Amino acid sequence: MNNNPEGKTVRDHELGMHRNITRRDFLNGVAVGAGGLAAGALFPNLLSAQGSQQFAQDVPGYYPPTLTGMRGSHSGAFEVAHSVRDGDFWEKAGKPIDTHQEYDLIVVGGGMSGLAAAYFYRKQAGASARILILDNHDDFGGHAKRNEFRPGGRLLLTNGGTVAIESPFPYSKQARGLLTELGIDPPALEKKCTDREAHRGLGFAYFFDKETFGADKLVTGAPAGMGRQAGSSSTWADFLAKTPLSTEAQQSIVRIQEGKTDYLEGVPQAEKKARLSRMSYKDFLLKVVKAHPDVIPFYQARTHGLYGIGIDAVPALDCWAIHFPGFQGMGLDRVPSKGLSFTALGEVTPQEGNYHFHFPDGNASIARMLVRSLIPAAASGNTAEDIVTAKMDYSRLDHADSSVRIRLSSTAVGVRHLGETASARQVEVLYGREQKVYAVRGKGVVLACWNMVIPYICPDLPAEQKEALRYGVKVPLVYTVVEVRNWNAFHKLGIRSVSCPGMYHSSVNLDQAINIGEYRPPRSPDEPILVHMLRTPCQPGLSAREQQRAGHYELLATPFETFERNIRDQLARVLGSGGFDPVHDIEAITVNRWPHGYAYEYNPMWDPDWPEGKQPCDIARKPFGRISIANSDAAAAAYTDQAIDQGYRAVAELLSA
Ligand SMILES: Cc1cc2nc3c(=O)[nH]c(=O)nc-3n(C[C@H](O)[C@H](O)[C@H](O)COP(=O)(O)OP(=O)(O)OC[C@H]3O[C@@H](n4cnc5c(N)ncnc54)[C@H](O)[C@@H]3O)c2cc1C
């Protein structure tokens with residue numbers, strides 16, 4: 001791209017940066033500039049007709065899923081927590097306002113784990129149990145967020161975060177039981193609702209960008225492999241011949257993809273796995289397979305979606321377990337190896353009977369079903385199918401009539417026992433909301449928020465536990481969603497998914513089509529559709545944790561305009577040969593930014609070999625008086641079922657204490 005100011009202006013015009021698309025947030029008819037404003041300005045305290053204070057979520061019509069622009073960790077969601085971290089919050093905060101509200105349980109964090117904790121608590125303590133859930137975002141669900149678009153009045157849904165019900169671990173009795181009680185039967189829904197016809201005939205492609213590969217080139221008809229379920233019938237050699245890759249790189253890729261060599265011949269199975277668990281996939285390709293270095297840019301981003309980092313930082317054993325190429329001749333078995341403290345995730349995935357179900361809004365549907373179960377007045381219906389189009393009435397979420405209340409845009413800033421930890425009968429929770437601090441009290445508290453937040457808001461915890469809570473660095477990533485006028489370009493090019501290993505977003509995909517309840521995905525290429533793009537702000541060369549830290553800062557420092565320019569440029573270059581026009585075809589953009597995304601999972605390349613029960617998450621999740629700790633961080637595993645399991649355990653600890 002031409003970066004001189006004049007050139008940039010010309011290019012910006014060609015890309016349609018001037019177009020007045022839906023990237024501005026509208027709430028109750030009030031327009032908010034692209035990128036959003038600070039929460040205080042966005043949702044000022046409102047006074048009702050009676051003069052009492054009313055918060056934004058209490059106003060009829062409040063409906064965050066339709067907001068576009070910068071979402072995920074949106075403006076207004078994180079400033080309070082960062083100020084507590086930086087140590088200047090209490091200087092600025094006024095005296096806490098006592099709400100005089102008392103609850104049986106206060107849950108900090110309205111993600112899957114916090115909602116599940118509330119569900120399990122109410123199930124055991126009874127329907128009259130008074131529960132308050134606090135979350136710092138303007139919507140509930142944590143990472144399980146819903147993005148809603150309405151082109152021409154038609155509903156288009158997608159996930160802003162959590163994609164699907166799937167797990168490399170089989171779901172536990174409690175997690176599967178919760179889904180069953182809500183009415184979710186993933187295998188049955190997968191069979192009934194997955195629309196296998198909508199994208200029939202559309203395949204996979206690679207886009208080689210000139211900055212990385214020397215020439216811009218879209219090469220369609222990518223063969224199956226590397227975890228892909230379907231591909232064209234072309235051979236790797238034929239496919240690679242159309243790419244700008246060097247002859248040496250092409251020959252190496254054919255060997256990696258199709259070879260049957262045991263590169264560690266004679267090494268026993270357990271030793272092979274041990275070695276592969278401590279070397280990156282990049283090193284495996286370069287040092288063990290002895291591939292040409294030019295293959296690395298081709299494979300570098302292949303792990304971005306699942307790990308949030310590139311192949312330089314992901315163990316080769318993990319890549320084998322998720323069916324990456326190169327291991328075909330190595331005779332590795334899928335029985336978790338004895339004596340290895342790390343098990344590659346895919347090693348324990350059942351080969352049969354596993355399932356993958358994607359609601360049109362991802363696992364936000366599970367969050368919405370949990371909320372409907374906890375607060376029936378908030379949404380109509382009672383099935384897993386009708387939740388998809390059920391309208392959520394946010395004004396019922398924090399209603400005095402309800403025994404369960406969900407308070408949004410509320411960041412917990414202080415959690416402490418009222419009295420000695422061992423004998424206290426209550427815990428006080430202070431939370432910041434719209435530039436004020438409020439106090440509530442509970443008989444018990446579940447901290448279902450992120451591990452690294454807890455030492456700041458609960459300073460009374462033992463030092464060893466606080467250190468363990470700080471250990472993990474959550475994985476940053478971005479799910480960008482672009483509403484396009486039609487998908488004729490995809491159709492013309494015969495593609496539904498493009499891997500762009502060198503670009504700002506490493507993939508461009510049409511969302512999976514699901515027919516569920518009254519929801520119908522687009523079928524005709526003339527209809528509007530949502531395009532997903534994935535960005536992981538990783539920095540190869542650093543350790544996984546350092547990459548994650550750097551990515552976190554990068555995401556918070558990147559303005560929406562930069563995302564938009566890159567999105568327009570990338571779609572124009574990738575889909576241009578199919579007739580895509582960024583000026584007229586892009587109708588709306590939502591950037592779901594997750595600086596604190598996936599829970600940190602231990603990685604044998606970067607983490608020590610802890611004895612059983614001594615991993616940081618084991619120490620971090622110990623109960624403390626009337627406070628217990630949930631969240632997927634408590635399992636060091638970024639999966640919905642793990643978040644549910646941790647909610648269950650935290651509640652069991654509280655109720656047995
Ligand atoms: C982009 C993305 C895609 C994913 N896809 C999948 C998938 O396909 N399948 C799968 O199984 N898993 C997936 N995961 C992982 C899965 O989403 C999580 O494991 C699970 O939803 C986490 O739930 P949680 O409640 O533990 O945490 P979260 O969803 O993070 O919820 C915790 C909540 O606590 C809030 N909080 C933090 N501090 C405070 C405070 N001081 N006061 C108030 N609130 C606070 C947070 O802001 C957040 O809203 C994905 C994760 C991400 C980020």
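This is a predicted model: local features need pLDDT of at least 70, side-chain atom pairs count only at pLDDT 80 or more; totals for chains, interfaces and linings use all residues.
D216 sits in the loop that runs between helix 8 (210-213) and strand 11 (217-220).

**D216 and its surroundings**

- D216 is partly exposed, because its relative accessible area is 33%, a value between the limits of 20% for buried and 50% for exposed.
- Leaving out residues up to four places away in sequence, D216 touches F207, F208, D209, K210, E211 and R573.
- Two of these residues also have a listed polar link to D216: the side chain of D216 reaches the backbone nitrogen of K210 at 2.7 Å, and the side chains of D216 and R573 are joined by a polar contact of 2.8 Å.
- P244 is 28 residues from D216 along the chain, and the C-alpha atoms of the two are separated by 8.5 Å.

**The ligand shell**

- There are 33 residues around the ligand, and those that come nearest are D135, N136, T162, W450 and S632.
- By class, this shell has 16 nonpolar residues, 15 polar residues and two charged residues.
- An oxygen atom of the ligand lies 2.7 Å from a polar side-chain atom of D135.
- A nitrogen atom of the ligand is 3.3 Å from an N or O atom in the side chain of E166.
- At A638 the backbone is involved instead of the side chain: one of its N or O atoms lies 3.5 Å from a nitrogen atom of the ligand.
- The elements that give two or more residues to the shell are helix 5 (112-125), strand 13 (411-417), strand 20 (586-598) and helix 24 (640-656).
- Strand 20 provides the largest share of the shell, with three residues.

**Strand 6: E102 and H100**

- E102 belongs to strand 6, which spans residues 97-108, and H100 lies in strand 6 as well.
- E102 is partly exposed, because its relative accessible area of 45% falls between the 20% and 50% limits.
- H100 is exposed, because its relative accessible area of 64% is over the limit of 50%.
- Not counting residues up to four places away in sequence, E102 touches R130, Q426 and R441.
- With Q426, the contact includes a polar one between the two side chains, at 3.3 Å.
- R441 is 339 residues from E102 in sequence, while the C-alpha atoms of the two are 4.8 Å apart in space.

**Positive phi angles**

- Most residues other than glycine have a negative phi.
- H100 is not a glycine, yet its phi is positive, at about 55°.
- N631 is another residue other than glycine with a positive phi, near 90°.
- N631 is placed in the loop between strand 21 (627-629) and helix 24.
- N631 counts as buried, because its relative accessibility of 7% is under the limit of 20%.

**Cysteines**

- The whole structure has zero disulfides, according to a search.
- C458 is in no disulfide, and the nearest cysteine sulfur, that of C449, is 9.2 Å away; a disulfide would need the two sulfur atoms to be within 2.5 Å.
- C458 counts as buried, because its relative accessibility is 0%.
- C500 is buried too, with a relative accessible area of 0%.

**The chain as a whole**

- Among contacts in the protein chain between residues at least 6 apart in sequence, 73% join residues at least 24 apart.
- The accessible surface of the protein chain comes to about 25,700 Å².
- Carbon and sulfur atoms account for 51% of that surface.

Definitions and conventions:
Residues are numbered from 1 along each chain as its sequence is written. Side-chain values use heavy atoms; hydrogens and water are left out. A residue is near a molecule or strand if one of its heavy atoms lies within 4 Å of it. A polar contact is a pair of N or O atoms within 3.5 Å; within protein, one must be able to donate a hydrogen and the other to accept it, and residues adjacent in sequence count only if both atoms are side-chain atoms. Helices (H or I, at least four residues) and strands (E, at least two) are DSSP runs, numbered from the N terminus. Ala, Val, Leu, Ile, Met, Phe, Trp, Tyr, Cys and Pro count as nonpolar, Asp, Glu, Lys and Arg as charged, and the others, Gly among them, as polar. Buried means under 20% relative accessible area, exposed over 50%, partly exposed in between (1.4 Å probe, protein chains only). Contact means heavy atoms within 4.5 Å. Accessible areas come from the Shrake-Rupley method with a 1.4 Å probe; for residues, only the protein chains shown count as cover.
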